[in-house]
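Open the model in your viewer and keep the sequence beside it. This tour goes from selection to selection and says what to look for at each stop.

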Amino acid sequence: MRILVSACLLGIHCKYSGGDNANAKVLALAANPANEVIPVCPEVLGGLPTPRPPAEIQPDGRVVTQDGHEVTAAYRAGAERTLAIAREMQPDRIILQSRSPSCGVRERYDGTFSRVRVPGQGVTAALLVKNGFSVEDVGDI
């Protein structure tokens, strides 16, 4: 099975804080020799460094860092690169990190940096769905 996965879930240090979101279930999938796992970090693919300031999607759709810099273009570029990888690799599953402004599948933060969650998808998750891919939240596996 071919699985496209948020790289942070595999223990790759690409999270905004410089850490990761290693997930035991995702690591078990990766350890299975029957699976081909394709790690992606849309934010890094979009040219953002690690670590980087936290960012959230604003009500108007722009992605802005906590210190006020707009990074929408980088998030869109990373989403497009991830979409290109998905089109090329045709994964059987796509598993993404919860609540991320890139990868969030069902919810994300509201743009106020107050940890308030709202329904909605991250930039990459939304683009993948718009282009016919099914995405899974890591919390659902």
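Select Y75. Leaving out residues up to four places away in sequence, Y75 touches E43, L48, A55, V63, P101, S102 and V123; contact here means heavy atoms within 4.5 Å. This is a predicted model, in which local features need pLDDT of at least 70 and side-chain atom pairs count only at pLDDT 80 or more, while totals for chains, interfaces and linings use all residues. Residues are numbered from 1 along each chain as its sequence is written, and side-chain values use heavy atoms, with hydrogens and water left out.

**The core around Y75**

Together with Y75, they have the most contacts inside the largest nonpolar core, which has 24 residues. A nonpolar core is a set of buried Ala, Val, Leu, Ile, Met, Phe, Trp, Tyr and Cys residues joined through side-chain atoms within 4.5 Å. Buried means under 20% relative accessible area, exposed over 50%, and partly exposed in between (1.4 Å probe, protein chains only).

Color by secondary structure next. At least two residues of this core come from each of β2 (36–40), β3 (55–57), α3 (72–89), β5 (93–96) and α4 (123–130). Helices (H or I, at least four residues) and strands (E, at least two) are DSSP runs, numbered from the N terminus. Which helix gives the most to this core? It is α3, with 6 residues.

Then pick L10, V26, C41 and V138. They are among the 11 residues of a second, separate core.

**Helix α4**

Select α4. Its buried residues are V123, T124, A125, L127 and L128. They pack against α2 (42–45), β3, β4 (63–65), α3 and β5. An α-helix has 3.6 residues a turn, so residues three or four places apart point the same way. Step just past α4 to G132, which takes a positive phi of about 90°.

**S100**

Go to the loop between β5 and β6 (107–109) and select S100. Is S100 buried or exposed? At 12% relative accessibility, S100 is buried. Its side chain reaches the backbone nitrogen of S102 at 3.0 Å. That is a polar contact: a pair of N or O atoms within 3.5 Å, where within protein one must be able to donate a hydrogen and the other to accept it, and residues adjacent in sequence count only if both atoms are side-chain atoms. Setting aside residues up to four places away in sequence, S100 touches E43, R108 and G122.

**Salt bridges**

Show the charged side chains. The whole structure holds 7 salt bridges, each a side-chain nitrogen of Lys or Arg within 4 Å of a carboxyl oxygen of Asp or Glu.

Start with R2 and E36, whose side chains meet at 3.0 Å, N to O. R2 lies in strand β1 (residues 2–6) and E36 in strand β2, so this pair ties together parts 34 residues apart in sequence. R2 is partly exposed, at 28% relative accessible area. E36 is partly exposed too, at 35%.

Move to E136 and R93. Their closest N and O atoms are 2.8 Å apart. Because E136 is in strand β8 (residues 136–137) and R93 in strand β5, the pair ties together parts 43 residues apart in sequence. E136 is partly exposed, with a relative accessible area of 22%.

Finish with D60 and R62, a salt bridge of 2.8 Å, N to O. D60 is exposed at 54%, and R62 is partly exposed at 34%.
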